Amino acid sequence: MYGVTITELIHKMNLKSLIPEIDTDKEVLTHPEVNRPALQLTGFFDHFDRERVQLIGYVEQEYIKTLPRKRRVEVYEKLVASEVPCIVYSRSMMPDDDMLDLCRHYQVPCLQSEQTTCAFMAEVIRWLNVKLAPCISIHGVLVDVYGEGVLIMGESGIGKSEAALELIKRGHRLVTDDVVQIHKVSDETLIGSAPDITKHFIELRGIGIIDVKALFGVESVKETQSIDMVIKLEDWDKDREYDRLGLEDQYTEFLGNRVVCHNIPIRPGRNLAIIVESAAVNYRQKKMGYNAAQELYNRVQANLGKTII
């Protein structure tokens, strides 16, 4: 699991550091959840999720105001001394001097957000789930085709980048070429992105590296995309039987998630861009409840029934 520094959290969520002298690059988040330490403020620390972002909202702050100063400092110290990664106050609320002094003493970042408690919590959890998701890198090209994330795979030199370039010229968007970083953000969703070093670049053999964003504009690229379908390109084998109906979907697996997969044989004269477009549209039709292969099968069965009669 990857770590996210508190500095990254501050920049992403537009937070204010109330103790700027603390080095937020050293503190790393490894858990995608947020904890509201209401029970901890009452003194109950059993099963305390200390590795999470600690969020103090309006309710917690109002409860704190009811505590005598001595009791308040006791629970503050027990909370801060637990090696929590950071403490965030929502709604632009300010911690009291006792909290700031303890955070400074234990070197715990104390942050402030303008957002409401629920809005901040939801956004942080969503963002951290993506940043901390299990991740692998594979060789391929990821393109957004009519809103569907199409991962094109195959041996080097088989034509993946050329197919992606033709799709871009037809109005679709490149996510990444050559290396695809795949993040598992849920049991249903895989998100693909590009490494920073190769972002927006495509390698074309015989030409070299081209910058897609510079050549075709910002509308031709995309930062991330869900992976909805895989197309594997392979050399045509005349002795192999290829699926010509598509009644049953084939799947491939990444990080335990299954993704619909098509094996496309390559031979001179086949327009890969049109094939990929057609596969993406056909996939969308299936998601909307229409299966062309099943419709043909039903017509054939109906026709056979009439012939027998």
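Is Glu253 buried or exposed? Welcome to a few close-up views that take up this and other points.

This is a predicted model, in which local features need pLDDT of at least 70 and side-chain atom pairs count only at pLDDT 80 or more, while totals for chains, interfaces and linings use all residues. Residues are numbered from 1 along each chain as its sequence is written, and side-chain values use heavy atoms, with hydrogens and water left out.

**View 1. Glu253 in strand β18.** Glu253 sits in β18, which covers residues 250–254. With a relative accessible area of 53%, Glu253 is exposed (exposed means over 50%, buried under 20% and partly exposed in between, for a 1.4 Å probe and protein chains only). Strands here are DSSP runs of E with at least two residues, and helices are runs of H or I with at least four, numbered from the N terminus. Between the C-alpha atoms of Glu253 and Val130 there are 19 Å, and the two residues are 123 residues apart along the chain.

**View 2. Arg52 in a loop.** Look for Arg52 in the loop between α2 (38–41) and β5 (53–56). Arg52 counts as buried, at 18% relative accessibility. Neighbours within four places in sequence aside, Arg52 is in contact (heavy atoms within 4.5 Å) with His31, Glu33, Val34, Asn35 and Pro85.

**View 3. Helices α4 and α5 side by side.** Here α4 (residues 69–80) packs with α5 (residues 97–106) at an angle of about 30°, and their axes are 10 Å apart. Axes are lines fitted to C-alpha atoms, for helices over the stretch in contact, and angles run from 0 to 180 degrees between N-to-C directions. The two helices are therefore roughly parallel to each other (angles under 35 degrees). From α4, the residues Arg69, Arg72, Val73, Tyr76, Glu77, Leu79 and Val80 meet Asp98, Met99, Leu102, Cys103 and Tyr106 of α5.

**View 4. Helix α6 and its buried residues.** The expected span is 1.5 Å times one less than the number of residues. Buried in α6 are Thr117, Phe120, Val124, Ile125, Trp127 and Leu128.

**View 5. Helix α9 and what covers it.** From first C-alpha to last, the 16 residues of α9 (residues 272–287) reach 23 Å, close to the expected 22 Å. The buried residues of α9 include Leu272, Ile275, Val276 and Tyr283. Among the elements covering the buried residues of α9 are β9 (141–145), α7 (160–169) and β19 (257–266).

Definitions and conventions:
Parallel < 35°, antiparallel > 145°, perpendicular 65-115°, else oblique.
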